[in-house]
Amino acid sequence: MSCAKKKFLIVIALAVLIAAIQPLALARASSAYVVVNAFRLNVRSGPGLGHDIIGTVAGGTTMPVTMLSSNHDWYQVTSAAGTGWVSRHFAIDRGDWSSVPRQGTPANLGSGAPIPAGSGHVVVNTSYLNARTGPGIGYDVLTVLPGGAALLVTAIDHDGKWYEVATSAGSGWVNSNYTVIRGNLAGVPRTGGPMVALPTAPTQPTVPAGAAHLVVNTSYLNVRSGPGIGHSVILTVPGGTVLQVNSIAGKWYEVITSVGAGWVNSSYTVPRGNFSGISRPQPPADPSEGSGPRVVVNTSYLNIRSSAGLGDNIITNVPGGSTLAVEGVSRDGKWFLVSGSFGQGWLRNSYAAFRGDYSRVPVVG
């Protein structure tokens, strides 16, 4: 056998050995990788057929996987052409995928700290939840907590909306609306302003058997002087409080409390008892008897606001079918100034049908 032929056979043998060792080395490292099971496979600049092709790899090629697409249909890989994406339908999974991140996963991901047995805590019930350095969205994000994370509660802000919790990154604050309570938080200290004493309100009046009532199903609920968040808070009651219902105005229920009648948002309560005899305000009288401009509400309930903007205070809300006199229109034509039993307020005209002579409506505001 000639020397040249021997060298050629040695090169072939080394190539075969390297090809056999490569996937074994990846497997031993327990890293995620794929083996291409198509004749040729395109590597693209992003996770989808609409992205540019940056290279093509041959069947049998092994490539480390660094990320999964949000729908798990595409793998980000390291290839000879650089970092790119390949379709999972033309690749075979190999190695350990337990630590491969999914596209969109926050980089600053944390977890809860150990919770002593029997301690009151909360569980994150959204995909990801920011833990901040203080009780409000204006504070910096300390870490991001995944859904299902259990968090020891160490303090509660005065309005009950923010919880101070123990995380792997230290003490932070989370919005209580995105958590579920586990255990008893009664002994957790309150912080902040003068409302700190409100959660320990006097015992509420007893509800007669079978009477319509609500059970508060949030940590703390504000009772207001009128049906809307623009009204002042007269009392704050803790979760589980039972409140007898007097009347209903849209999503706001008038209830009997230890300090008199007040209004609560029904979105944070569970109804119990018989509501058939509860009074509901009738729509305002139809001004169509005259010839004035008017609107008919064409949604279930519509908010009436103090000014022409979605960020303005809600004065009240009116049920579908209500007819309201139109006093004016905003300069952008998107809001009507209307009047009714509540006085005057603004509604978004996309949720109401106009009736009458539009030329008689003045531009105001």
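Gln76 lies in strand S5 (residues 74-79), where a strand is a DSSP run of E with at least two residues, numbered from the N terminus. The model is predicted: local features need pLDDT of at least 70, side-chain atom pairs count only at pLDDT 80 or more, and totals for chains, interfaces and linings use all residues. Residues are numbered from 1 along each chain as its sequence is written, and side-chain values use heavy atoms, without hydrogens and water.

Gln76 has a relative accessibility of 17% and therefore counts as buried (under 20% relative accessible area; exposed is over 50%, partly exposed in between; 1.4 Å probe, protein chains only). Its side chain makes a polar contact of 2.8 Å with that of Thr66; such a contact is a pair of N or O atoms within 3.5 Å, one able to donate a hydrogen and the other to accept it within protein, and residues adjacent in sequence count only if both atoms are side-chain atoms. Beyond neighbours within four places in sequence, the residues in contact with Gln76 include Pro64, Thr66 and Trp85 (heavy atoms within 4.5 Å).

Turning to the rings, the structure contains four aromatic pairs (ring centres of Phe, Tyr or the six-membered ring of Trp within 6.5 Å; planes under 30 degrees apart are stacked, over 60 edge-to-face, the rest tilted). The centres of Phe336 and Phe354 are 5.7 Å apart and their planes meet at 40°, so this pair is tilted. Phe336 belongs to strand S27 (residues 335-340) and Phe354 to strand S29 (residues 352-355), 18 residues apart. Phe336 is buried at 4% relative accessibility, whereas Phe354 is partly exposed at 22%. Ring pairs join Phe336, Phe354 and Tyr358 into a cluster.

Definitions and conventions. Helix = DSSP H or I, 4+ residues; strand = E, 2+ residues; numbered from the N terminus.
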